[in-house]
Amino acid sequence: MNHELASLGDTYVNFVYSLAMSEKTGIPIGKKVKGVFLAEALKNSRLRKSLPSRMTRHRMADAAEALIVYAWLNGYVTLKESVAILEKAATTTEGFTLLLEKIYKKIRPS
C-alpha cells in the first residue's frame with residue numbers, strides 16, 4: 001500500500017477511463033471513476049486475497065489505482081491496452097476487473 005502511488009493512480013485511472021469512454025462514444029469525455037467500481041473489480045479479481053482482510057471500499061479502490069499505475073509505470077500493461085480493455089467491456093466494473101486480472105497475470109505468471 002503506497003499512498004503516493006494511489007494518488008498518481010487516481011489521476012491515471014480517470015485518464016484511462018476517460019479515453020476509453022471517449023473512444024466508445026466518439027465524443028471527448030472527461031470521467032471520474034467511482035471508488036465503488038474499483039473496489040468491486042478488486043473483489044472480482046484474484047487480487048483481493050493479497051490485501052489485509054479488513055479494508056474499506058475506499059482503501060480497496062486506492063489499492064486498485066496504485067496497482068494499475070504501478071503496472072503501467074513498470075511496463076506490465078500499456079496505456080493503449082488499458083484503454084482497449086475498458087472500451088470493450090460492457091460495464092465499468094467488468095472493464096476494471098478484466099484490467100486487474102490482466103495485470104495479475106503479467107506480474108505473477110503461473
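**Close-up 1. Packing of helix 3 against helix 5 in the predicted model.** Helix 3, which spans residues 57-73, and helix 5, which spans residues 92-107, pack at an angle of about 55°, and their axes lie 10 Å apart. The two helices are therefore oblique to each other, and helix 3 passes helix 5 in a left-handed crossing.

**Close-up 2. Residues at the contact of helix 3 with helix 5.** From helix 3, the contact is made by Ala64, Leu67, Ile68, Tyr70 and Ala71, while helix 5 contributes Phe96, Leu99, Leu100, Ile103 and Ile107.

**Close-up 3. Ala90 in the loop between helix 4 and helix 5.** Ala90 lies in the loop that runs between helix 4, residues 79-88, and helix 5. Its relative accessibility is 66%, and because exposed means over 50%, Ala90 counts as exposed. Although Ala90 and His58 are 32 residues apart along the chain, the separation that can be drawn in this view is the one between their C-alpha atoms, which is 23 Å.

**Close-up 4. Thr92 and its contacts.** Thr92 has its place in helix 5. With a relative accessible area of 14%, Thr92 is buried, because the cut-off for that class is under 20%. Leaving aside residues up to four places away in sequence, Thr92 touches Tyr17, Val33 and Phe37.

Note on methods. Residues numbered from 1 in each chain as written. Predicted model: local features only at pLDDT ≥ 70, side-chain atom pairs only at ≥ 80, totals over all residues. Heavy atoms only, no water. Axes fitted to C-alpha atoms, helices over the stretch in contact; angles between N-to-C directions. Helix = DSSP H or I, 4+ residues; strand = E, 2+ residues; numbered from the N terminus. Parallel < 35°, antiparallel > 145°, perpendicular 65-115°, else oblique. Left-handed = near helix turned anticlockwise from the far one by under 90°. Contact = heavy atoms within 4.5 Å. Buried < 20%, exposed > 50% of the residue type's maximum accessible area, 1.4 Å probe, protein only.
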